[in-house]
Amino acid sequence: MPPTPRGASHLQHPKVGTSMTRSPTHTPRDTFNTRLVFLMAAIGSAVGLGNIWRFPYVAYDDGGGAFLIPYLIALLTAGIPLLWFDLALGHRFRGSAPLAYRRMNRKAEPIGWLMVGVNFFIAVYYPAIIAWAGIYTWKSFTKAWGDHPDSHFMNDFLQADDSSVWSGDFIVPILLVMVGVWALCITVLSTNINKRIGRVTKFFVPILIGLFAIIVVRALFLDGATTGLNAFFSPDWSILTDTSVWIAAYGQIFFSLSVGFGIMMTYASYLKPRTNLTGMDMVTAFANSSFEVLAGIGVFATLGFMSVQAGIPVDEVASSGIGLAFVAFPTIINQMPFGEIFGVLFFGSLFLAGITSLISVMEVVASAVAEKFGLSRRRVAVVVGSMMALLSTVLFSTTSGVVTLDIMDKFTNNIGIVFCAIMSAVIVGWVLGRRREVSQHINAVSHLRVGVLWRSSVFILTPAVLTFFLIREVRALAAEPYGGYGADTVFTFGWLIVLVIAGGAVLWTVIPYPQGVCVSGLPSSDYGVPARGRPRGVPNPLSEPGHHRQRAGMRGALEGERSNEFLR
C-alpha cells in the first residue's frame, strides 16, 4: 500500500495490530537495543573537544560565575527545546536528515543535504585534531615537547606553513595516526548501530567521564587551584546587560549540544517507537552541561597552578581552543608533580571525546547516502569513508593543515551549522506550517508535554538569536580575511566550501530515491497526529478513554517495528 499522501486525514482509528500508514519498502530500520545505548551515543556526540577547551574560556571571558545565568537560560529556552525539535523530526519521520525532510515536503529535502554537507566537511578535518591528541597522549609519557611547548607545537610538531594554500609536505606521524583513526571509525560504522556504535560509545563515554573526573580531582589539589577557581567563578554582574554575552551563551549551548545539523535527528530515527523523547533529551542536555562545568573547574584549577608558578595573573595564562590544549597544558604539565600521568589522562580524554563525536558526524553522512542509493551500511562506510579519509589525510596531515583546519572549522561551524538550524526552524515551522504537528508528536510519546512556550522558543526565539549571530559573523568574515590568512586560502577553504555545500544540496536533491522507499508522508504510525497537527482542542484519538483496546493494539504494532518497522 502506498504511503498516505501528505495532508490526508490520519484521524481515523487504526485496526488493532496494524500501522496507520505503511511504506512499500522492505528494509526494516535499525533501532537502538536500549535507551542506554542511545543516551551514550547522544552524550558521546554532545561531549566533544569544545566542552573541554571552549566553554571554560567563554565562561571566564564573559563574566565568570555570572555567565552561568545566561548560560542556564539559554539551555532552557533554546538548547533543550531545539534538541526536542531535532529528536521529534527524526523519531517521527524515521530517516536520515534528507529523507526526513523529503517526507515532510519534497522541496524541503535540500535542508537535509545542507546538514549532510556540513557534517561531511567537519568529518574531514576533525580526525586531524584527534590525531594530535593521540600523539600528545604518547608524548606525555616523556614530556617530549620540551621546555618550550609553544615552539614545539607550531614549529616542530605541525611545522606550520601559512604561506601556501596547500603545501604538499606530509607530516608522517600525523598521517599515520589519522589513517588509524579513520580505520577505527569506518570499522565502527560498517556494522549495525548496536554492534559497533552502541558498544563503542558505551565503552568510551564512561571512560571519558572517569578520566576527566580524575583530572579535576587532581587539579583541585594543585597549589594555586583556588586562584584559578576564583577567577573562573567570580561574578561580574554588569555583563548581564551586555547583549554580546547573551549571544555568547546561546552560541555555546547551540554548538555544544550537537543540535541543528542532523546528528540528533539521525540518532533519533533509530529510537524505538515507544520512546520518552523529552526525558532522553533532558538527560543528554544536562549531562553535556554538567561536563562543561566540570571541564571549567578542572581547566581553571590547573591554570591557577600555572598562574602561581609563573607569578602572573590568571588572565595572562587563560586561553581557549588549540592554544589551551596543546600549549598551555603541556606548559603546566612540565611544572606539575607527576605531570606525565596528568598529561596522559588529559590528552587521552581529548582523544576519546573526539572519537565519539566523529562517529556521530560520520553517521549523518553514511545514513543519508545509504538511503539515497539503497546501499548497505558496510558498503557505504567503506566507500564513502575511504573517500573522506583520502581527502582528510591529503589536506590535514600536511604542514599547511593547521591553517586549512582553522579556516574550515570557522566557516562550517559559524556559517554552515547556524544557517542549517535557521532554515530548519523557519521552513518546518512557518513555510510548511508543521509547528503544531511537531509539538503534538512530542506530547504523544513523551511524559513532559510541550506547548506555546516550546513553539515560541524553537520557531521564534532561536531563529532570531541565530540570525543575529549569523549576520554578525558574515559581516566580520567579509570585512577582512579570517585570522589574517591569505585571501586565496580563506576563499578556498572557507567561502568555497560554503558554496560547495549549498550546490551539493541542490544536486543531491535531484537524484531520486530507490523505488520502494517511502518519500512522502510517514513511513509508519502517525501516533494520532496528522500532518500539520490536529485542530486546537481536538484530543489525540489514541488517548481517549474509550479506545484502550485500540491503544493496546497500537502499542503492540509499534513495538513490533523493532524487528520489522514497515509492516506489509
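**Overall architecture and buried charged residues**

Of the 568 residues of the protein, 59% count as buried. The structure is a predicted model, and its secondary structure consists of 21 helices and zero strands. The radius of gyration is 24 Å, close to the 24 Å that the globule rule gives for 568 residues, so the protein is as compact as a globular protein of that length. The C-alpha trace spans about 75 × 50 × 45 Å along its principal axes. Among contacts with a separation of 6 or more, 84% are accounted for by residues 24 or more positions apart.

The surface and the charges were examined next.

Seven salt bridges were counted in the model. One of these joins Glu-437 to Arg-92, with the closest N and O atoms 2.7 Å apart. This pair links distant parts of the chain: Glu-437 belongs to helix H18 (residues 435-445) and Arg-92 to helix H4 (residues 68-93), and the two are 345 residues apart. Glu-437 has a relative accessible area of 1% and is therefore buried, the cut-off being under 20%. Arg-92, at 2% relative accessibility, likewise counts as buried. Both residues also take part in a network of salt bridges in which Arg-92, Arg-434 and Glu-437 are linked.

A salt bridge is also formed between the side chains of Glu-109 and Lys-372, at 2.8 Å from N to O. Distant parts of the chain are again linked by this pair, with Glu-109 in helix H6 (residues 109-139) and Lys-372 in helix H15 (residues 339-373), 263 residues apart. Glu-109 and Lys-372 are both buried.

Burial applies to both partners, Glu-363 and Arg-377.

The surroundings of two further residues were also considered. His-91 is found in helix H4, the helix that also holds Arg-92. With a relative accessible area of 0%, His-91 is buried. Apart from residues up to four places away in sequence, the contacts of His-91 comprise Ala-268, Ser-269, Leu-271, Lys-272, Pro-273, Thr-275, Leu-277, His-441, Val-445 and Tyr-527. Of these partners, His-441 and Val-445 fall within the residue range of helix H18, 435-445, the helix to which Glu-437 belongs.

Glu-473 has its place in helix H19 (residues 452-479). Its relative accessibility is 11%, and Glu-473 therefore counts as buried, since the limit is under 20%. When neighbours within four places in sequence are left aside, Glu-473 is in contact with Lys-410 and Asn-414.

How values were computed:
Residues are numbered from 1 along each chain as its sequence is written. This is a predicted model: local features need pLDDT of at least 70, side-chain atom pairs count only at pLDDT 80 or more; totals for chains, interfaces and linings use all residues. Side-chain values use heavy atoms; hydrogens and water are left out. Helices (H or I, at least four residues) and strands (E, at least two) are DSSP runs, numbered from the N terminus. The radius of gyration is taken over C-alpha atoms; the globule rule is 2.2 Å times the number of residues to the power 0.38. Buried means under 20% relative accessible area, exposed over 50%, partly exposed in between (1.4 Å probe, protein chains only). Contact means heavy atoms within 4.5 Å. A salt bridge is a side-chain nitrogen of Lys or Arg within 4 Å of a carboxyl oxygen of Asp or Glu.
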